[in-house]
Amino acid sequence: MSMNKGENLKFMSNSPADTAALGCRLGRLLGPGDIVCLEGGLGAGKTCLARGIAKGLGVDETSVSSPTFVLAQEYRGRVRVYHLDLYRLSSSDEVEEAGLDEYIWGDGVAIIEWPGVYVPLREHDRLMVEITQEPVSLRRELVLTPYGQRYRRLLEEMRPC
Ligand SMILES: Nc1ncnc2c1ncn2[C@@H]1O[C@H](COP(=O)(O)OP(=O)(O)OP(=O)(O)O)[C@@H](O)[C@H]1O
Ligand SMILES: [Mg+2]
């Protein structure tokens, strides 16, 4: 695992365990109302990262699975954790019709895979994580971008001294 400097934080992961460990570090810093958006293609490692984030929030990691078909899962950690996957939805209206906006704007931690379809998120403070997969490799690049002061501070905590 390595990283560079700047407002974005960039990490290289060499294995699923690396990705989950990064998630766990991040999860330890999260609290009520936080929103983490996970971008990246099919199989990039979003659910793997979400499992680590949940673990860092005190959730039993074996309870974390992909919400692709159920749209949303709730876990109990030191705060409530809402793990959402918007892949099967195609508009902001559909997100709201499914009642998922209440999880996103609620006072738990929201972890959202495929967040792009829900337009209001684009204007809202959040931490964005983009995962890029190298072909035929276990390597993943993870770029963490803060939107808003809360998340800039949070990334400062992720930066090594
Ligand atoms: N460095 C890595 N980090 C994370 N996952 C990795 C890595 N290398 C290989 N993998 C594998 O890639 C797959 C990632 O699956 P995962 O379900 O986390 O992806 P996803 O981005 O959530 O996919 P989807 O778009 O279907 O929701 C797993 O099979 C995992 O073992
Ligand atoms: Mg997934």
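Start by selecting helix H2 (46-56), where 10 of the 11 residues are buried; buried here means 20 or more other C-beta atoms within 10 Å of the residue's own, exposed means 12 or fewer, partly exposed lies in between, and C-beta atoms are placed from the backbone. Helices (H or I, at least four residues) and strands (E, at least two) are DSSP runs, numbered from the N terminus. This is a predicted model, in which local features need pLDDT of at least 70 and side-chain atom pairs count only at pLDDT 80 or more, while totals for chains, interfaces and linings use all residues. Residues are numbered from 1 along each chain as its sequence is written, and chains are lettered from A and ligands numbered from 1 in the order in which they are written.

**Stop 1: helix H2 and its surroundings**

Colour the buried residues of H2: Lys 46, Cys 48, Leu 49, Ala 50, Arg 51, Gly 52, Ile 53, Ala 54, Lys 55 and Gly 56. Now show what they pack against: H1, strand E3 (35-39), strand E4 (72-76), E5, E6 and E7. Contact means that the C-beta atoms of two residues, placed from the backbone, lie within 7 Å. Before moving on, step just past the end of H2 to Gly 58, which takes a positive phi of about 90 degrees.

**Stop 2: H1 against H2**

Two packed helices are described by the angle between their axes and the distance between the axes. For H1 and H2 the angle is about 40 degrees and the axes are 6 Å apart, which makes H1 oblique to H2. The axes are lines fitted to C-alpha atoms, for helices over the stretch in contact, and angles run from 0 to 180 degrees between N-to-C directions. Angles under 35 degrees count as roughly parallel, over 145 as roughly antiparallel, 65 to 115 as roughly perpendicular and the rest as oblique.

To see the contact itself, select residues of H1 including Pro 16, Thr 19, Leu 22 and Leu 26, together with residues of H2 including Cys 48, Leu 49, Ile 53 and Gly 56. By class, this contact has 11 nonpolar, 5 polar and 3 charged residues. In this scheme Ala, Val, Leu, Ile, Met, Phe, Trp, Tyr, Cys and Pro count as nonpolar, Asp, Glu, Lys and Arg as charged, and the others, Gly among them, as polar.

**Stop 3: ligand 1**

Next, select ligand 1 and the 18 residues that surround it; the closest are Thr 19, Gly 45, Lys 46, Thr 47 and Cys 48. A residue belongs here if its C-beta atom, placed from the backbone, lies within 6 Å of the molecule. Colour the shell by class and you will find 5 nonpolar, 9 polar and 4 charged residues.

**Stop 4: the loop between E6 and E7**

Move to the loop between strand E6 (109-113) and strand E7 (126-133), and pick Trp 114. Trp 114 has a positive phi of about 50 degrees although it is not a glycine. With 19 C-beta neighbours inside 10 Å, Trp 114 is partly exposed.

Gly 116 is in the loop between E6 and E7 too, and it is exposed, with 12 other C-beta atoms within 10 Å. Draw a C-alpha to C-alpha distance from Gly 116 to Tyr 87: the two are 29 residues apart in sequence and 9.0 Å apart in space.

Leu 121 also lies in this loop, but with 23 C-beta neighbours inside 10 Å it is buried. Leaving aside residues up to four places away in sequence, Leu 121 touches Cys 37, Pro 115 and Arg 126. Its C-alpha atom is 8.9 Å from that of Cys 37, although 84 residues separate the pair along the chain.

**Stop 5**

Select Ser 90, in the loop between strand E5 (80-85) and helix H3 (92-97). Ser 90 is exposed, with 10 other C-beta atoms within 10 Å. Its C-alpha atom lies 8.5 Å from that of Tyr 118, a residue 28 places away along the chain.

Finish at Val 136, in the loop between E7 and strand E8 (140-147). Phi of Val 136 is near 50 degrees, a positive value in a residue other than glycine, and Val 136 is exposed, with 6 other C-beta atoms within 10 Å.
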